Amino acid sequence: EVVISYCLRILSQVERDILTESPTLLRGGSRHSISETDWLREFAECTAMEAVRLLDLLCLMDACLVSRIFPAVKKVYERTANRQSGLVFAAVLQFFLNHSHHVIFDVEPVLHHFFVDYVSVHYRRHLLAMSALLFLTTNTQKLLLHTSVFSRYFPAILKLLAWHPRTVA
């Protein structure tokens, strides 16, 4: 119960935009620097991804929690589906695939948004490619039985494989 409320609190805080008064640069080695705002956005995205993963695991352990947690995860999807790296998007997609049958939710529009509107545009991003291909390989059975992902979205999947051939090695 405490973990659920903690994860839901994290997700509600991540939805807010990060505001800083003055942009400062953080040094990441001798040649690399990143602005503090970008670092905070990446950090917020990683914490949201982990919160969604934890909620997914809790729902896998106890299916009674799905009806309580599903609206919060759906809200995260609606607000964070177009963010930069797509890590939260992939975690939310995994949650929807695992639990959509509990609340009668059609996962096809979310899959379409992910593969057509997001992956086909941002296919050069390494983390997105890794998370998308990991999603496809870990859920191959479910996707083949319940969706038409591989037949409908093969151009985007092939584009990922062509640009990132080492991710499947």
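## Helix 4 and the overall fold

Helix 4 is mostly covered, since 13 of its 13 residues are buried, where buried means under 20% relative accessible area, exposed over 50% and partly exposed in between (1.4 Å probe, protein chains only). This is a predicted model, in which local features need pLDDT of at least 70 and side-chain atom pairs count only at pLDDT 80 or more, whereas totals for chains, interfaces and linings use all residues. Residues are numbered from 1 along each chain as its sequence is written, and side-chain values use heavy atoms, with hydrogens and water left out. The 13 residues of helix 4 (residues 87-99) should span 18 Å at 1.5 Å a residue, which agrees with the 19 Å between its end C-alpha atoms; the expected span is 1.5 Å times one less than the number of residues.

The protein holds 9 helices and 2 strands, which are DSSP runs numbered from the N terminus (helices H or I, at least four residues; strands E, at least two). Along the sequence the elements follow the pattern α-β-β-α-α-α-α-α-α-α-α. Of the 169 residues in the protein, 41% are buried. Among contacts (heavy atoms within 4.5 Å) between residues at least 6 apart in sequence, 68% join residues at least 24 apart.

Val 52 has its place in helix 2 and is buried, with a relative accessible area of 0%. Leaving aside neighbours within four places in sequence, Val 52 is in contact with Leu 11, Ala 91, Val 92 and Phe 95. Val 52 and Ile 69 are 17 residues apart in sequence, while their C-alpha atoms are 9.7 Å apart in space.

Val 3, Leu 54, Leu 57 and Leu 60 make a nonpolar surface patch of about 360 Å², and helix 2 (residues 36-61) contributes the largest share of this patch, 3 residues. Patches are made of residues with over 30% relative accessible area and no salt bridge, like charges being joined within 9 Å and nonpolar side chains (Val, Leu, Ile, Met, Phe, Trp, Tyr) within 5 Å. The accessible surface of the protein comes to about 10100 Å², of which 60% belongs to carbon and sulfur atoms, as computed by the Shrake-Rupley method with a 1.4 Å probe; for residues, only the protein chains shown count as cover.

## Salt bridges

A salt bridge requires a side-chain nitrogen of Lys or Arg within 4 Å of a carboxyl oxygen of Asp or Glu, and the count comes to 3 salt bridges. Arg 68 pairs with Glu 1, their closest N and O atoms being 3.0 Å apart; this pair links distant parts of the chain, with Arg 68 in helix 3 (residues 66-80) and Glu 1 in the segment before helix 1 (2-14), 67 residues apart. Arg 68 is partly exposed at 38% relative accessible area, whereas Glu 1 is exposed at 62%.

Arg 152 forms a salt bridge with Glu 108, with 3.2 Å between the closest N and O atoms. Arg 152 lies in helix 8 (residues 149-152) and Glu 108 in helix 5, so the pair ties together parts that are 44 residues apart in sequence. Glu 108 is buried at 17% relative accessible area, while Arg 152 is partly exposed at 46%.

## The loop between helix 4 and helix 5

Ile 104 lies in the loop between helix 4 and helix 5, and counts as exposed at 80% relative accessibility. Its phi is near 50°, a positive value in a residue other than glycine.
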